[in-house]
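Trainee: I am new to this structure and would be grateful for a close look at a single part of it. Could you take me through that part and its surroundings step by step?

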Amino acid sequence: MGEKRSYVSRGSATAPAAESSASAVDACRCAPGISTGDCPAAAAASSAAAPHVGLAIEAHGLVKQFGARRALDGVDLAIPRGAFLSIFGSNGAGKTTLLRELALLARPTKGTLKLLGIDALEEPDALRARVGLISHASMLYGDLTARENLEFYASLYGMPKAEAARRIDELLRLVELDHRQNDRARTFSRGMQQRLSIARALVNDPELVLLDEPYAGLDPHASELLDQLIDRVRAGRTFVMVSHDLDRGFDVCTHALIMAQGRVVVCAPKDTVDREAFFDLYRATVGMGVA
């Protein structure tokens, strides 16, 4: 990487955490034992570990083990409500495993996890209706129409029919598929299916929205439409996105995280980060291998 330099552009993240509760809320963690240069979370790490009413995600020591391999190896996170966290890393770094934990699709082997102030391990059912997942797999039923897909998912959340009908009308307009609502999902293009997937994930009006490679397989025009759609539904929600698209993921986020070998290499609010140095760190991290 040449001359070693900090990727922190301003001093707010390196100030003592006690000076500002906001700095504690915004702090993520740098993994021990991995050289990252100057870590913007170092001073705030101990304060960030304390519970905070403003946190959407609060994880401590998350471990996910498959046999002898640790897909997650001591992940700590403190992400404020309303943030947009982009997660980067090579294949096998632990990104999707972490997202599955946040989506309540898997339980950690060790560690604690709170989502929206609720213990996700003790009360997962209290959270399921408050979390939405958008994956590169559409999770749609091809033989159902667009509207029927949304009606089916609304029924899973126990939504009253009248409320569900109003919500579905709103979402179909939002994703610009109201004119295709009676067409079967298998007749849709990849971009249209992804837009319908966003409507599916939002049918329960979740506070936490998780995106797993949402741009995979989309052409540039479809990607731009997806950008616009995500921007429209940002208000009042916390987003976590796994992406291999470093430029796009960094542009849309408020917090940026790099993973390697199941650990958090670095995580910081974007406005404390020098873009070029962060990209250099990402490129160096990709060569570190998998967990």
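Mentor: Let us begin with Leu104, which lies in the loop between helix 3 (95–102) and strand 4 (110–115). Please bear in mind that this is a predicted model. Leu104 is not a glycine, yet its phi is positive, at about 65°. With a relative accessibility of 12%, Leu104 falls under the 20% limit and therefore counts as buried.

A positive phi also occurs at Asp205, again not a glycine, where the value is about 55°. Asp205 sits in the loop between helix 6 and strand 7 (208–212). What is the relative accessible area of Asp205? It is 46%, so Asp205 is partly exposed.

Asp205 leads us to Arg167, because Asp205 is among the contacts of Arg167 once neighbours within four places in sequence are left aside; the others are Met159, Leu202, Val203 and Arg237. Arg167 belongs to helix 5 (residues 161–174). Its relative accessibility is 12%, and Arg167 therefore counts as buried. The axes of helix 4 and helix 6 come within 9 Å and cross at roughly 25°. An angle under 35 degrees counts as roughly parallel, and helix 4 and helix 6 are therefore roughly parallel to each other. Their crossing is right-handed.

In soluble globular proteins, nonpolar side chains tend to be buried together.

To finish with Ile230: apart from neighbours within four places in sequence, Ile230 is in contact with Phe84, Ile198, Leu211, Tyr215 and Phe239.

Definitions and conventions: Residues numbered from 1 in each chain as written. Predicted model: local features only at pLDDT ≥ 70, side-chain atom pairs only at ≥ 80, totals over all residues. Heavy atoms only, no water. Helix = DSSP H or I, 4+ residues; strand = E, 2+ residues; numbered from the N terminus. Buried < 20%, exposed > 50% of the residue type's maximum accessible area, 1.4 Å probe, protein only. Contact = heavy atoms within 4.5 Å. Axes fitted to C-alpha atoms, helices over the stretch in contact; angles between N-to-C directions. Parallel < 35°, antiparallel > 145°, perpendicular 65-115°, else oblique. Left-handed = near helix turned anticlockwise from the far one by under 90°.
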